[in-house]
Structure formats: C-alpha cells, structure tokens
Amino acid sequence: RVTPHETVYRVFDPRSGREAVLRHLAESEMEDAIRPDEFRQRFAAAAALRHPNLAATLEVLEINDRPAALQEWLVGVPSCDWPPLVAVPGVWFRLLGQAALGLHTAHQAGLVHGRLQAESIVLTGEGIVKICGVGEPPWLHSPTLPPGDAVGDLRALGALTAAWLAAA
C-alpha cells in the first residue's frame, strides 16, 4: 500500500521466520524537519513495549536513508466482525478486558493510539486480542488529525464495545 506519507510492504523476516509488515517513510516526508524524527521516535517507543495484546513493533531501521518500522503481521478477525462472538456476555467481557489491558500498557508507557477504530483491534486465531497502530504518528493517516490522549482512547474503546453489543 502506498500513501503520500509511507509505503507499506508485507515482507518475510528471516530472523523470526515469519511474515511482517514493513512501513517505510515516503521520500517526500524527508523534506519535513520534524516528521522523520517523530516517525523514528514513536515507533522506537512502540518497539520498547512488549505486551501480548499489542501488535509488536519489532524494529526501527533505516532503508535508503529513510526510517522504516518492521511490525508484526497479524491474521485474524477485526472487531467490526465480532458481533456474533460478543453476543455471549462472558466472551464480550474477555475481549474487552484484553483490549483494555493493551491500551493500559501503552498509556503506562506514555503512548496513545489516538484513532482507535474497529479495524485497529484484531482477534487472532489463538484467541488473543491485539491492538494495532500504537506508536503511529497521527499525520500518517490525516495531516490535520490532532494528537490523541488516553481519555480519547478509552472513549473510543467504550464506543466500540457499545457498537459490538448493539450489533449482536
């Protein structure tokens, strides 16, 4: 996938022996005085986090003098497709609990998601909820998107969980 801000590749990581996502900052972003450093710093902060409910940022590296981030490749069901699962209150509680633990870990480390959406939360085949997108600079998706905060993340999670129940 190519956007004005980055190119995203599905790659094979020979060190881990599995597929991964490589996010490479666009050459045009190198002209900005702040964005390359922010890209490096935010993804480096995410790489320092290890939690089972957060999609892992494996490494931040330089490719062709531009920063790139190698991230865990996830296969699973996005939360927008969970309504049949969450019709059972115990399952709803377990999925919500895992998502909340992931967000809590990010917030404790000083990171926020800032744009939590149904596609940002994935249930893997192993039954683990993973939050994707922690550490992403907000301008990767919208140049006018203001930085988020922990309260906004929790409001977004509440809205998502209410939507799961309403659709069930």
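Contact, as the word is used in these legends, means that heavy atoms lie within 4.5 Å of each other. The model shown in the views below is a predicted one.

**View 1. Helix α3 lies across strands β6 and β7.**
In this close-up of the predicted model, helix α3 is made up of residues 89-108, and α3 runs at about 35° to strand β7. Strand β7 covers residues 129-131, while strand β6 covers residues 121-124.

**View 2. Strands β5, β6 and β7 form an open sheet of 3 strands.**
The strands of this sheet follow the order β5-β6-β7, and their pairing is antiparallel. Because β5 (76-78) and β7 (129-131) stand at the edges with a single partner strand each, one side of each is left without a neighbour in the sheet. From one strand to the next, the twist averages 30°. Looking at one pair within the sheet, β5 and β6 are joined in the antiparallel sense over 3 bridges, and P78 has V122 in β6 as its bridge partner.

**View 3. Helices α3 and α4 pack with their axes 11 Å apart.**
Helix α3 (residues 89-108) and helix α4 (residues 150-167) meet at an angle of about 165°, which makes α3 roughly antiparallel to α4, since an angle over 145 degrees counts as roughly antiparallel. The crossing of the two helices, α3 and α4, is right-handed. On the side of α3, the residues that take part in the contact are W92, L96, A99, A100, L103 and H107, and on the side of α4 they are A150, D153, L154, L157, T161, W164 and L165. When the residues of this contact are sorted by kind, 10 are nonpolar, 2 are polar and 1 is charged.

**View 4. Residue L154 has its place in helix α4.**
If the neighbours within four places in sequence are left aside, L154 is in contact with L103 and H107, and both of these partners belong to helix α3.

**View 5. Strands β1 and β2 make a hairpin with 4 residues between the strands.**
The two strands, β1 and β2, pair in the antiparallel sense over 8 bridges, and within this pairing R10 has V21 in β2 as its bridge partner. In the hairpin, G17 takes a positive phi near 75°.

When the chain is read along its sequence, the elements follow the pattern β-β-α-β-β-β-α-α-β-β-α. Along its principal axes, the C-alpha trace spans about 50 × 35 × 30 Å. A compact globule with 168 residues would have a radius of gyration near 15 Å, and the protein chain has 16 Å, so the value agrees with that of such a globule.

Technical notes
Residues numbered from 1 in each chain as written. Predicted model: local features only at pLDDT ≥ 70, side-chain atom pairs only at ≥ 80, totals over all residues. Heavy atoms only, no water. Axes fitted to C-alpha atoms, helices over the stretch in contact; angles between N-to-C directions. Parallel < 35°, antiparallel > 145°, perpendicular 65-115°, else oblique. Left-handed = near helix turned anticlockwise from the far one by under 90°. Nonpolar A, V, L, I, M, F, W, Y, C, P; charged D, E, K, R; others polar. Rg over C-alpha atoms; globule rule 2.2 N^0.38 Å. Pairing = 2+ DSSP bridges.
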